[in-house]
Amino acid sequence: MNFRRKLGLDILPEKYAYGEDPHYGHTSEQKIPDRWVPTTCGYCSVGCGMFIGVKGGRAVTVRGNQNHPVNLGKLCPKGLSEHYTLEAPNRARYPLLRKNGKLVPVSWDEALDTMVEKFRATQERYGPDALGVISTGQLVTEEFYTLGKLVQLGFGTKNYDGNTTLCMASAVSGYKRSFGSDGPPGSYEDLQKADVIFLIGANIADNHPILCQHLEANPRKTLIVADPRVTKTAMMADLFLPLKPRSDIALLNGLIHLLIRTGQIDCEYIAKHTSGFAELARFVEKYTPAYVAQITGLSEDLIIKTADLYGSAQAAFIGWTMGVNHSTQGAETVNAINNLALITGNIGRAGASPFSITGQCNAMGTREAGFASSLPGYRKFESAEDRAQLARLWKIDPDRIPTSRGLAYPDIVEAAVGKKIRALWIIATNPIVSFPNLDVLKQGLETLDFLVVQDGFHPTPTTELAHLVLPAAIWGEKEGTYTNSERRVSKVNRAVNPPGDAKSDFDIFLALADKLGCREELFPGWTGPEQAFEEWKRVSKGRLCDYSGLSYSLIEEHNGIQWPFPEGTTEVGTTRLYADGHFPTENGKAKLFCIEWTLFPEQPNQQFPFVLNTGRTVEHWHTRTKTGQVEILERMSPNAWLEMNTRDAQALRLRPHDSVDVISRRGRVRNVELRVTEIVAPGQVFMPFHFAEANANQVTQSAFDPISREPNYKQCAVSVQLSVSPKERRAKESRRKKALSMEVS
Ligand code: SF4
């Protein structure tokens with residue numbers, strides 16, 4: 001220690017000095033930036049506008065953008081600490097190639113030459129579709145568009161999908177089936193304009209926290225929340241429906257039954273804009289309040305009251321997230337939600353919408369840019385006209401465009417296990433934590449001849465298995481656009497340089513196109529994302545997601561603009577889809593579906609008596625690759641936990657803070673801290689899925705929606721037992737009490 005410091009004369013002013021910031025006022029000098037770079041949050045699909053404060057080339061702080069219509073200056077804990085992710089110790093800095101069993105740094109040239117050589121050799125030997133690609137919802141739209149072209153036209157495989165299939169595929173499939181196209185019809189403004197807001201399986205207080213401020217800005221609303229768990233969002237509700245796990249379809253059918261019976265439907269809208277009403281009306285006859293009460297566990301009174309509130313609303317909004325999507329009947333549940341909105345005419349008007357709240361910051365961008373479950377611009381693989389249009393735009397032979405979608409994410413994994421996929425490229429996702437029934441995935445990845453993982457972080461449980469790791473720039477280090485849940489396209493900007501030799505995903509894709517010899521054909525003259533954006537505008541022109549009137553400068557000027565925004569649009573404001581009642585189906589009408597409720601696939605029994613529900617917490621993002629490195633978030637939520645009802649805990653003689661194991665037919669999660677609580681009902685337990693160290697996906701099942709291919713993460717049968725012997729438990733408890741008393745004193 002220096003002498004002046006020892007005497008207390010050196011007060012380290014360079015570290016602790018205060019200064020005056022025009023935005024924050026009196027604050028740490030170190031946190032006062034030289035410049036503020038406007039951008040959009042890179043975590044969730046709410047799409048909050050923010051600024052990154054840069055000082056001496058480093059991101060030192062962030063603040064919310066007060067003029068951004070989504071968040072009006074507010075940010076949640078993840079957004080407020082997002083700059084820390086840029087300098088996380090686990091950032092990937094150099095390309096790493098496995099040599100003699102070890103990942104060693106190599107040049108970009110060697111990395112990309114090896115990748116192209118291995119992929120080409122695999123495809124020559126086993127066929128073009130022996131190469132699989134799994135991407136993400138974290139890239140900018142320009143990168144998704146570029147990647148899709150590179151994968152399907154450059155590498156020539158159609159086995160390309162994103163981790164958005166683990167998240168939003170059910171909403172996508174449900175929208176396509178009901179309305180003829182993907183695309184959430186409503187806007188966040190509807191949360192402020194609706195007089196009834198019905199949230200089903202959507203814990204927005206934890207997962208989309210800034211949306212709560214839109215709810216709070218609506219003093220007239222009645223908030224109805226349906227969830228098996230008393231979530232933070234349920235605690236905000238005027239009417240809470242604690243329904244049994246996965247009984248939502250029965251509830252929706254029961255509401256439709258009551259609304260038809262009481263005449264609280266919009267007959268004119270049904271006749272003009274929907275098809276299939278007579279069949280639906282006959283089908284829901286059996287969903288009487290008594291039958292629905294038996295399935296859902298709700299009282300008949302509660303069901304009747306919900307129907308009456310929804311049916312008498314001038315404008316009713318239904319929002320949902322993973323409680324609906326993460327199910328083997330996810331897409332069908334979305335259809336049942338759409339049925340309810342359509343028969344009451346609650347779509348295409350202010351406050352009235354069936355609205356899927358998306359997951360990742362740019363899950364919407366990957367859906368629009370396509371190449372996975374649709375072609376770009378929500379075009380269909382099966383449509384010769386759509387393929388011909390794209391071929392004209394790209395000046396290529398239409399035969400090069402696949403006529404059907406390739407394998408979806410879970411089917412790529414299964415094909416890897418069965419050695420049909422021999423090489424895999426994983427981009428910005430960490431399936432070794434996020435994929436259900438992990439042992440199957442591990443088997444698939446370990447069977448591969450060549451695995452490339454491109455990510456901003458290393459090591460992650462997935463990069464550790466790779467033959468090649470490509471280091472990528474992340475949020476704050478690259479440019480492009482994100483689309484949020486309400487179709488708002490917002491600008492993302494580069495504030496600082498990526499670490500080491502890391503490159504933006506866009507630059508990696510172009511460099512690969514160079515190596516493949518297809519750069520000039522597929523990406524003529526492109527050097528930056530704006531050129532991709534300009535081509536994307538032409539490709540989206542005339543489609544539902546029309547970007548043709550947008551430009552980077554216009555988006556920046558208005559803090560994001562919602563699509564559709566066709567060329568020539570002069571007014572920037574709130575947009576809603578289907579305001580004219582015309583849907584992109586064959587007859588222009590929305591389709592009503594008869595959806596039967598069925599039991600979820602793995603029912604509890606004597607050996608596995610609990611239904612495990614999995615989900616998130618506000619402090620963490622997905623697999624904690626990012627948030628696990630942010631000290632303040634880690635301190636707020638350092639460990640996984642298991643919620644169990646008091647009665648069940650008593651029956652099992654378990655106590656709060658006990659260390660327990662969660663066991664299913666597939667595996668065991670060890671040493672999870674027990675929370676004894678009334679948040680979950682008897683017979684149910686809940687666990688967050690963020691923690692690799694106590695990974696819920698060791699016990700979840702390989703059960704997927706046959707329509708959307710989304711996993712059934714939400715319900716599986718488990719048992720719970722103490723991790724340690726009673727003696728060890730006593731010792732642990734006394735250590736904990738001692739530590740607590742020391743903290744207090
Ligand atoms: S709500 Fe979502 S977009 Fe907004 S700051 Fe939080 S994580 Fe970011």
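**Group meeting: a walk through the model**

Okay, let's start with Y18, which is exposed, at 57% relative accessibility. Exposed here means over 50% relative accessible area, buried means under 20%, and partly exposed sits in between, all with a 1.4 Å probe and only the protein chains considered.

A quick word on where this comes from. This is a predicted model, where local features need pLDDT of at least 70 and side-chain atom pairs count only at pLDDT 80 or more, while totals for chains, interfaces and linings use all residues. Residues are numbered from 1 along each chain as its sequence is written, and side-chain values use heavy atoms, with hydrogens and water left out.

Back to Y18. You'll find Y18 in strand β1, which covers residues 18–21. For the element names, helices are DSSP runs of H or I with at least four residues, strands are runs of E with at least two, and both are numbered from the N terminus. Now, which residue sits 4.7 Å from Y18, C-alpha to C-alpha? That's E29, eleven residues away in sequence.

Together with L7 and L9, F3 makes a nonpolar patch on the surface, and the three have about 360 Å² of accessible area between them. Those areas come from the Shrake-Rupley method with a 1.4 Å probe, and for residues only the protein chains shown count as cover. As for what makes a patch: its residues have over 30% relative accessible area and no salt bridge, with like charges joined within 9 Å and nonpolar side chains (Val, Leu, Ile, Met, Phe, Trp, Tyr) joined within 5 Å.

Let's go inside. How many residues are in the largest nonpolar core? There are 122, and L150, F198 and W425 are the ones touching the most other members. There's also a second, separate core of 43 residues, with V46, V62, L75 and L86 among them. A nonpolar core, by the way, is a set of buried Ala, Val, Leu, Ile, Met, Phe, Trp, Tyr and Cys residues joined through side-chain atoms within 4.5 Å.

L75 turns up again around the ligand, along with C41, Y43, C44, G47, C48, C76, K78, G79, P209 and I210. To make that list, a residue needs a heavy atom within 4 Å of the molecule. Sorted by class, this shell has eight nonpolar residues, two polar and one charged. The classes work like this: Ala, Val, Leu, Ile, Met, Phe, Trp, Tyr, Cys and Pro are nonpolar, Asp, Glu, Lys and Arg are charged, and the others, Gly among them, are polar.

Next up, charges. Side chains of opposite charge can pair when their charged atoms come close. The cut-off for a salt bridge is a side-chain nitrogen of Lys or Arg within 4 Å of a carboxyl oxygen of Asp or Glu. The whole structure has 35 of them.

Here's one of those: R488 with E486, at 2.8 Å from N to O. Are these two buried or exposed? R488 is buried at 10%, and E486 is buried as well, at 3%.

D661 has two partners. Its salt bridge to R668 is 2.8 Å, N to O, and its salt bridge to R670 is 3.9 Å. D661 is buried, at 4% relative accessibility, whereas R668 is partly exposed at 30% and R670 is exposed at 52%. And E189, D190, K193 and R576 are tied into a salt-bridge network.

Last stop, some backbone details. The H458 to P459 peptide bond is cis, with omega near 0°, and P459 is in the loop between β17 (450–455) and β18 (468–471). W563 to P564 is another cis bond, omega near 5°; P564 sits in the loop between β21 (561–562) and β22 (590–591).

Then, which non-glycine residues have a positive phi? One is A428, at about 55°, in the loop between β16 (423–427) and α20 (431–434). A428 is partly exposed, at 21%. Another is R624, at about 65°, in the loop between β23 (610–615) and α26 (631–636). R624, in contrast, is buried, with a relative accessible area of 10%.

That's the tour, thanks!
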